[in-house]
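Welcome! The notes below will walk you through it.

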Amino acid sequence: MLKKLLLVIFVIGLVVAGILLAIGSKTMANVSYQSYQTATYSYDVELDTVYDSKSDMHAENGILVSVSPQRETEDAAGFSDAYYRASWERAQQWATERRTGLADVMLIFAHPLTLEEANHILDPIKANVFESGFVGYVDGTPFAGYLKEEGRLSHTLQECAKLGGYGVGPDGVVPEMTENDVDKSAGDYDVRGYLAVRAWIDLANLDSLRHHQDVLLVDTTPQDVRDQLSENPTWQGKVIRAVALEMPVWDYRWE
Amino acid sequence: MQTCERGPQFKRYISSFVISLLVLAVCYGIVKAAGAWDADWSDSPDWGYQNWTNLDTQVQWSPTFMWTTNSNLPTSNRRIELEWYDPGTGNFCDRLEPFYLQELGGDWVDNWWTDNECGGSVDEELVLNLKESTLSQNTWYQVIVNATKKYSAAYGGECNVSFTCYLCSDDWLGKQLYTASYDDNGSTP
C-alpha cells in the first residue's frame, strides 16, 4: 500500500515537473518582462540580473526599460508629431504646476552645439549629464555618435572626432591602422556638434530650459515612464538601471 | 515466491517511469517549439568584417553584420549583445567597459545600454536594441565601440557577439580575442 502511494506521488511529481517545464519559462517571461502602451509611446520593462559569485547564481539587479516613441507613418526613423507635441505639453504642464525635484529628461538642441555652448546651457542649472549624442559627417556621410557621460560634457568636438577615428569605414574598407594614424583617420570626421543629451535636471529649471533659444525640446518622456513605474505594483521599489530612449539625431534635420 | 510478487509491480514502476519520461519529452518539445531555448535564430545576421585597435587607455572594436544567409529579417524585439567577456564561462570579466557607440550603415539601432554582467563594478556588456523596421538584407551594418581598459592581467581575453532577445538563448555570432596587453589575437570566425 505504501509502495503504491509512493508510486502515485512519484508519477504526479514527474507530471507536475513536466508541466512546470513547459509553462515555467513562459510564466517566468511574463513576470519578468512586460510591455506597456501609452497614446504616443510604448515601453518594455525587464528584470536585470547579475552574477553573484558568493552564491554562484544570477541575482536580480533592478530593471531595464526600453522606450519606443510613436513613429511617423511615412518614415520609420522619425518620431511622430504627436509624440513631440505630447512631450512639449507635458513639460508645459509640469512647469505650470511648478513641479519640483529631479527629473530624467532628454534635451534636444535646436542645432548642433560645441562643448562650450552646450555646457553654457547645462552648467548653470547643474544638470547631471549621463549620455550625449553628437552628429557630423564621416567621408561625407552623416553619422551619429553616442557617449556615456559622468555628470558633465567633457569631450571637445575634435576629441569626439578622434573617438571614431580608428574604425572601419562605411564603404567596408578595413584599414590597417596604428595608434599613430589617429590624427589622419580622425581627420575624416567632421563633427558638427552635440545635438542631444540625457540628464537629470532640477524641475525648477524646466521652464527656463524650455524657453532657451538653443533648446528645441525638453523631452520629459523618460521621467514620465519613471513616474508610471513608481506607481506600478509589479515594478515599484525596484532600482531602474536604465531608461533607454533613442536620440532622434537621424530624424532631426540639423544639416 | 517473493520474486513472483514483485514482477508485475516492477513492470508497473518501469511503465510509469517510461510514461513520465515521455511526458517530460513532450513538454520539452513544446518549450523548444516555442523558441525559448532556440539558440540558432532563423532571423540572425552573419558577422562580417571587423577591426580591433589597441590604444593607450582604451580599445576600439567594430563588428559588422549583414543579413545574408538567413532569409528572414527580424521583425520585433531583437537585440545584439556585445559581451566584453566570456559569458559561457564567466571569464575575462571587469577588464573592458564600453563607453562610446557609433552606428554606421544606416539608422538601425533603436536604443542601447550598458550592463553589469559579472557582479563587479564594471558594465561589461553593451546591448543594442534593433530598429527592425529599418533593416534590409545584403546591407552592411556596423558599430564602432570604444571601451576603457579597466586593469591589466597576465593573460589574454575575449569579447563575444550574440543575437538574441530577452530571456532567449543567445545565437552566438563570433568572438574577438586579445592578448594580455590588449593586442589583436585573432577572431572567430
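In this predicted model, the C-alpha centres of domain 1 and domain 2 of chain B are 45 Å apart. The bounds of the two domains in chain B are listed here.

| Domain of chain B | Residues |
|---|---|
| Domain 1 | 1–34 |
| Domain 2 | 46–188 |

Next, have a look at the nonpolar core. The largest one is made of 97 residues, and those with the most contacts inside it are A:Val65, A:Leu107, A:Leu195, A:Ala196 and B:Val145. Strand 7 of chain A (residues 189–202) gives the most to this core, namely 8 residues. Among the residues that B:Val145 touches, leaving out those up to four places away in sequence, are B:Trp61, B:Leu82, B:Pro98 and B:Tyr100.

Now find helix 2 of chain A, residues 81–96. Which residues of helix 2 of chain A are buried? They are A:Tyr83, A:Ala86, A:Ser87, A:Ala91, A:Trp94 and A:Ala95. An α-helix has 3.6 residues a turn, so residues three or four places apart point the same way. The cover over the buried residues of helix 2 includes strand 2 (41–52), strand 3 (57–69), helix 6 (206–210), strand 8 (215–219) and helix 7 (221–230), of chain A. Just past helix 2 of chain A, A:Arg98 has a positive phi of about 55°.

Finally, a word on confidence. The average pLDDT of chain A is 86, and 85% of the residues score at least 70. Residues 168–184 of chain A have a pLDDT below 50, and this stretch makes 22 contacts in the model beyond near neighbours in sequence.

Key: Residues are numbered from 1 along each chain as its sequence is written. Chains are lettered from A and ligands numbered from 1 in the order in which they are written. This is a predicted model: local features need pLDDT of at least 70, side-chain atom pairs count only at pLDDT 80 or more; totals for chains, interfaces and linings use all residues. A nonpolar core is a set of buried Ala, Val, Leu, Ile, Met, Phe, Trp, Tyr and Cys residues joined through C-beta atoms within 7 Å. A residue is buried if 20 or more other C-beta atoms lie within 10 Å of its own, exposed if 12 or fewer, and partly exposed in between; C-beta atoms are placed from the backbone. Helices (H or I, at least four residues) and strands (E, at least two) are DSSP runs, numbered from the N terminus. Two residues are in contact if their C-beta atoms, placed from the backbone, lie within 7 Å. Domain bounds come from an automatic or database domain assignment. pLDDT is the predictor's confidence in each residue, from 0 to 100.
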